[in-house]
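Hello,

Here is the structure I promised to pass on to you. Have a look at it first, and then read on for what I found in it.

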Amino acid sequence: MSVDATTVRRIAHLARIAVTEAEVPHLQGELNAMLAFVEQLSEVNVDGVEPMTSVTPMEMKKRPDLVNDGEIADAVVRNAPETQDHFFLVPKVVE
């Protein structure tokens, strides 16, 4: 894939970057070089490679998955007009 001068101007417009006509050929070459590099990456065989979270081997920090009330149930419902057992009571809206 290659980028032409019109596409460079359009990208600059969408990015809200002021580009002079003298800069267009240089940017066109830069964008084409980036796209060529991305095309090279698609040729790499990644079958069997596990996804990584970092370039260094490390274990993700995990917290225990426990269900709790956050120990602030009283504070959460303090301003509610009506509550019962830490639940909001609301008027019936469906007959």
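His86 counts as partly exposed, because its relative accessibility is 43%, which falls between the 20% and 50% limits. Please keep in mind that this is a predicted model, and every value below is computed from it. His86 sits in the loop between E1 and E2, and its phi is positive, about 65°, although the residue is not a glycine.

Asp85 lies in the loop between strand E1 (83-84) and strand E2 (87-88). Asp85 also has a positive phi, of about 50°, without being a glycine. Is Asp85 buried or exposed? Its relative accessible area is 61%, and anything over 50% is called exposed, so Asp85 is exposed.

Now for the chain as a whole. How many helices and strands does the protein chain have? You will find 3 helices and 2 strands, and from the N terminus on they follow the order α-α-α-β-β.

As for overall dimensions, the radius of gyration of the protein chain is 28 Å, whereas a compact globule of 95 residues would have one near 12 Å. If you draw a box around the C-alpha atoms along the principal axes, they fill roughly 70 × 40 × 30 Å. Of the 95 residues, 7% count as buried. The accessible surface of the protein chain is about 9,300 Å², and carbon and sulfur atoms supply 58% of that.

Contacts can be looked at by sequence separation as well. Taking the contacts in the protein chain with a separation of 6 or more, 29% are between residues 24 or more positions apart.

How confident is the predictor, and where? The mean pLDDT of the protein chain is 89, with 100% of its residues at 70 or more.

- Glu21 is placed in the loop between H1 and H2. With 54% relative accessibility, Glu21 counts as exposed. From Glu21 to Ala5 there are 16 residues in sequence, and their C-alpha atoms are 9.3 Å apart in space.
- Leu41 is part of helix H2 (residues 24-41). Its relative accessible area is 48%, so Leu41 is partly exposed. Met58 is 17 residues away from Leu41 along the chain, and 25 Å separates their C-alpha atoms.
- Thr56 lies in the loop between H2 and H3. Thr56 counts as partly exposed, because its relative accessibility is 44%. Thr56 and Met1 are 55 residues apart in sequence, with 33 Å between their C-alpha atoms.

If you want a place to start, I would turn to the loop between E1 and E2, where both Asp85 and His86 are found.

Methods:
Residues numbered from 1 in each chain as written. Predicted model: local features only at pLDDT ≥ 70, side-chain atom pairs only at ≥ 80, totals over all residues. Heavy atoms only, no water. Helix = DSSP H or I, 4+ residues; strand = E, 2+ residues; numbered from the N terminus. Buried < 20%, exposed > 50% of the residue type's maximum accessible area, 1.4 Å probe, protein only. Rg over C-alpha atoms; globule rule 2.2 N^0.38 Å. Contact = heavy atoms within 4.5 Å. Areas by Shrake-Rupley, 256 points an atom, 1.4 Å probe, with all protein chains shown as cover. pLDDT = per-residue confidence, 0-100.
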